[in-house]
Amino acid sequence: MVDTVLQVEGLTRTFDVSKPWLNRVLERDHKQFLTAVDNVTFGIERGETFALVGESGSGKSTIAKLIVGLLKPSRGTIAFDGQPMSFESGTAMRNLRRRFQMIFQDPFASLNPRWRVGEIIAEPIRTFGLASGADVHREVARLLEVVGLSATDAGKFPHEFSGGQRQRIAIARALSSKPEFIVCDEPTSALDVSVQAQILNLMRDLQDEFGLTYLLISHDLSVVRHMANRIGVLYLGRIVEVADSKRLFTDPQHPYTRMLLDAVPDLALSGRRRTPVTGEIPNPINPPSGCTFHPRCPHVMDICRGDPPAQTPTATGAAACYLLTEPVGS
Amino acid sequence: MSQTEQSQTERGKTPGRLARAWDSDIAWSFRHSPVAIVAGAVSVLIILAAIFAPLIAPHDPFNPATLNLMDGFTPPMEPNAFTGNVYWLGTDNQGRDVFSTILYGARISLFVGFAAVILAMVLGIAAGLVAGYRGGWVDGLLMRFADVQLTFPSILLALLIFGIARGFIPPAYREEMAIWVLIVAIGLSDWVQYARVVRGATMVEKNKEYVQAAKVIGAHPAKIVLRHILPNVLGPVLVIATIGLALAIIAEATLSFLGVGVPPTQPSLGTLIRIGQGFLFSGEWWILLFPSITLLALALSVNLLGDWLRDALNPRLR
């Protein structure tokens, strides 16, 4: 019954961060690899918004790039609507590509400054051959109005727009190939707070109107809470907890999730006791053994330093923590 | 009512190309830089004079039928002792009007300069785009080649290319091919700086999100490079091209002065200077001086224009 749009299975991506060959030989160093994404598995159902949250360097953006094919996975598979993505050229991949799109973080970098807005939005239409001639202009005008801009804006250059308007243009471009699934990589983090809500509400309206499925990448828990149905929490390239949005905020299972939630400042100054965030995300080139969170974890046990914990089912998802399987105090 | 309102706002939003060009930052910077105005005026004057040389020149210096050896060595603005003819800038040993030879000489100098810069630009931009976008061993190979070429002075390299090319061309065609060989020699010795700048700019641009957006929809790499990246790396290229034009004109003059450039039957400014320096110590100073001043004015004004353009296009200096 479950209609899965995107299934990610055991996704792993390592980067070679070795010094140049000559330095390695002279300094007797070994090759060094950074595991940015480590054995990540999740699925996204049609029509929902799945959010990935985590600190800087947790591998959020790498996952986004892997899914849209900007990076090749080292291991693991990505399947879109049941079809594995190969990212080789070919008509099958071409047809798949039309059905997913991406919205980028920085609206000042994501629009080619030398192109007119109309050309920018028309690029996917032309690349996929969805329309030709005057139909392209009509479609561009329609899309501009869908995202709350004016049809006459097509003749302008990106620098004539504000950050929020540029992000609307980027959304119009993403919609122009009539996709089903959109990867949103921190779509509001470069925007003013007052504009963020407008863009997020626009994205929600468009989701209802076109039946879109979103993968939302964000470090901002308030954005995630506003948008997501389900949330995956990333730490050092691994998913430590997946749960329904409400459940995650009210009843976090993993100590890292709890720490993240405690770190959100609230204006009410409720005076509730918080566990302050301690430490920083470790160097991913040389991650801690076992559960990579153990050096920062307030509940660390001996077993945490051994093998990494497996995903344990929770009420609405899963979490990878020995607290859920081992009796406390063992 | 609403119809007219809309057409008015549209007219207000899209003024003519000329008006927009006049309003642009570059035009503003130009209007407020006396150096750029003077340098621009001198460059345009010399370029126009060179283009319309056949119409402007009072004599045709390369038609032996119109030459009178008796007119030889006429000083500027003085009547010739035998014929009584007056020449503005005097004549050379063969009675050729120096002013006319300068016009025709500037024509050849500018043609060689522009053509060499275009050749260097095309080669350099292509190499820079490929190296910067592909990266890896392609980048390594192209850039090490460029490094090796940079270790030789470009004039030496031009001499080398010139010599090799002459070896391949049958003697009968050498005279008429000389200009093209010169262009290839200067162009091939100058491509490296374009390649380096374009490579650097390409490496910056290719990681920007608008390029990633094009990759996500599976746009062809050639299309990404030519339509997305190329327009965004042309700014700095324009600056080097302007300064490169001055350098190419000087390189041509140097080669012609050394006697390996264009043949004396189609003298460039460099050839004229070479001919003129032979008469310096016998007192006929004008044969050397006027071509030299023209070359100096041309190279200096183009160079100053390049400097101004570099500053005007550099957002950090605004």
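Reader: Let's start with helix 8 of chain B: which helices do its buried residues pack against?

Author: Keep in mind that this is a predicted model. The buried residues in helix 8 of chain B are Ser154(B), Ala158(B) and Phe162(B). They cover an arc of only 80° around the axis, so they sit on the same side of that helix. That buried side packs against helix 9 (174-205) and helix 11 (221-257) of chain B.

Reader: And which exposed residues are on the face turned away from the buried side of helix 8 of chain B?

Author: An α-helix has 3.6 residues a turn, so residues three or four places apart point the same way. The face turned away from the buried side of helix 8 of chain B carries Leu156(B), Gly163(B), Ile164(B) and Gly167(B).

Reader: How far apart are the end C-alpha atoms of helix 8 of chain B?

Author: Helix 8 of chain B has 15 residues, 154-168.

Reader: Over to chain A: which helix do the buried residues of helix 7 pack against?

Author: In helix 7 of chain A, the buried residues are Gln196(A), Ile199(A) and Met203(A). Seen down the axis, they fall within an arc of 75°, so they line one face of the helix. Ser194(A), Asn201(A), Asp208(A) and Glu209(A) are exposed on the other side. The buried residues pack against helix 6 (163-175) of chain A.

Reader: Which residue follows helix 7 of chain A, and what is its phi?

Author: The helix itself covers residues 193-210 of chain A. What follows is Gly211(A), with a positive phi near 65°.

Reader: Which strands stand at the edges of the open sheet in chain A?

Author: The sheet has four strands in the order 2-1-4-5, with antiparallel pairing. The edge strands each have a single partner strand, so one side of each is left without a neighbour in the sheet; they are strand 2 (33-45) and strand 5 (83-84) of chain A.

Reader: How many bridges pair strand 1 with strand 2 of chain A?

Author: One of the paired residues is Leu6(A), whose bridge partner in strand 2 of chain A is Ile44(A). Strand 1 (residues 4-16) and strand 2 of chain A pair in the antiparallel sense, and the bridges number nine.

Reader: Last one: in the largest nonpolar core, which residues touch the most other members?

Author: That core has 160 residues, and its largest share, 18 residues, comes from helix 6 (residues 98-134) of chain B. Tyr194(B) touches residues including Ala120(B), Met121(B), Val237(B) and Ile240(B). The residues touching the most other members are Ile182(A), Leu182(B) and Tyr194(B).

Note on methods:
Residues numbered from 1 in each chain as written. Chains lettered and ligands numbered in written order. Predicted model: local features only at pLDDT ≥ 70, side-chain atom pairs only at ≥ 80, totals over all residues. Helix = DSSP H or I, 4+ residues; strand = E, 2+ residues; numbered from the N terminus. Expected span 1.5 Å × (residues − 1). Buried ≥ 20, exposed ≤ 12 C-beta atoms within 10 Å, placed from the backbone. Arc of directions from axis to C-beta. Contact = placed C-beta atoms within 7 Å. Core = buried A, V, L, I, M, F, W, Y, C linked by C-beta atoms within 7 Å. Pairing = 2+ DSSP bridges.
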